[in-house]
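Dear colleague,

I am passing on the structure below, and my notes on it follow. Please read them with the sequence and the structure open beside you.

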Amino acid sequence: MTRTTHPRRLPAVLLLALALAVLLNVAAGGGGSAGPEEFGGSTAARAAAEAPPPAATSPKAESDTAGAPGAPEAARPDPPERLRIDRVGLDAPVVPTGVDEDGAAEVPDDPARAGWYRFGPAPGAERGSAVLLGHVDSRTGELGALVALYEVRAGDEVTVERRHGTPARFEVSARRVVPKDDLPKETFARAGPHVLTLITCAPPYDPGRGGYQNNVIVTAVPVSRD
Amino acid sequence: MRNMRTLVATMAAAGTCSLALTVAPQAAAAEDDMAWVSVFHGVPGLTVDVYANGDELLPDFEPGTLTDPQEMAAGSYDIKVFAAGDDPDSDDPAIEKKIDVPAGANATVAAHLDAEGQPQLTAFVNDVSDLDAGKSRLTVRHVAAAPAVDVRAGGQPVFEGLTNPNEDTAEVDAGTVSADVVLAGTDDVAIGPADLDLKEGTTNIVYAWGSAEDENLALKVQTLDGMHSDPASVPAGGNGAAAGANSTDAWLAWSAAGAIALAGGVLVLRRRAGQQG
């Protein structure tokens, strides 16, 4: 009889506990367990963020006469054209992307394509984080190419084919799941050690709050070219 | 002597020559009261020696040359510009002016012609504040012996009625634009067109310099970088299909949370039962 003396307490207590568990879950990993898992605690990107800033904190200047042929010019980036992670069957064309009118990174409408954030470093650059991003699924329900990021493991080989140079090769070192409004500041780093950063969306999916609540961020470090 | 600073100026266009010397401001500045200063020579036909507080800063400085920003102590500098080779002790300077360099500023000192063609010095403070992601800053400075002008990009006026020695600034989408300078309110092209590569996160300062009368109007571009910002977010999702595709994992995860909650609930119940029991 003791258990039935408080029949109305049970749901309330459970609800409270469940809410607590959800809160803890969200606090612990931004809902990270509901979707791809994290690995690679100390990412190269984090190392990049912790690295000392470039020697000059001042703006550098370059000057030339406008339109003068042969004027000195900073090295042009080599645009990426294709992203491949063979072990998980990821093979996507890459197009340059920028910023949309809301100040967010532009993502190609076609979920079969990945975008390269063209204002940041290109894959194979000397330094900074080269960012490739893509839709995890489309508005009509097709799965995106970058959903394969949910399946990658540390050590997976990543190949980025480039317009001019030989393919840039990387190795997956870490995966993090972060709230989409709280990207780590090193994600778009322009300085520090060179890394490849792959981004798509991750659950939970809440249609009332703009859809996916998280980003999954896969970091890959350069593999020496022999 | 703490405030003496080594100033290394590199001149880009006139080949490369470097020099090192020390220049102190007239008013002593605190150790961290530094500024970044560039010098632009926009007086046609006159190679000069530039002195700051009596010390030679830039010898044989040629028209159209712009130095890289150099760190200098903030403070007041007495700038004298002599025709190259003149004796600063006995000859009269071509231009002389006291320039205040505020602490923390990024400034460009321009030697140029005024609207009537007389040489003068103007100190401009460069806007190096952060830009939104995807943006570039375009500044135009009228330092030419010429009347008011309009500046157009892609045929559309960006700045109108700009007069010597003033400037105007706008934040624009990064990219390459074809710019030209026309007499204000007309389609009479005075300079250009020239392609300006407005890189994201940079401040691009265009000097319209020279003399209309002498038909040597020209543009000089000074680019300062490092004002970029990161995109606000990466909206990379569609209709939630991938969450569905991953529903097994998600369900397991949420089930685990539920199980913990259930266990907690049972514990609470047990305790209550015990107390009553």
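How far apart do the end C-alpha atoms of residues 35-152 of chain B lie, and what percentage of the span is helix and what percentage strand? The distance is 32 Å, and the span is 0% helix and 59% strand, where helices (H or I, at least four residues) and strands (E, at least two) are DSSP runs numbered from the N terminus. In UniProt, an unreviewed entry gives these residues of chain B the feature "domain: DUF4397", although such annotations may be inferred rather than shown by experiment.

This is a predicted model, in which local features need pLDDT of at least 70 and side-chain atom pairs count only at pLDDT 80 or more, while totals for chains, interfaces and linings use all residues. Residues are numbered from 1 along each chain as its sequence is written, and chains are lettered from A and ligands numbered from 1 in the order in which they are written.

In chain A, eight strands close into a barrel with mixed pairing, in the order β2-β3-β4-β5-β8-β9-β7-β6; two strands pair if DSSP finds at least two bridges between them. Within chain A, strands β7 (residues 168-179) and β9 (residues 211-222) run antiparallel and are joined by nine bridges, and R175(A) stands opposite V218(A) in β9(A).

Chain B is divided into domain 1 (1-125) and domain 2 (128-230), with bounds that come from an automatic or database domain assignment. Their contact takes 17 residues from domain 1 of chain B and 22 residues from domain 2 of chain B, counting residues whose C-beta atoms, placed from the backbone, lie within 7 Å.

Best wishes

Definitions and conventions: Two residues are in contact if their C-beta atoms, placed from the backbone, lie within 7 Å.
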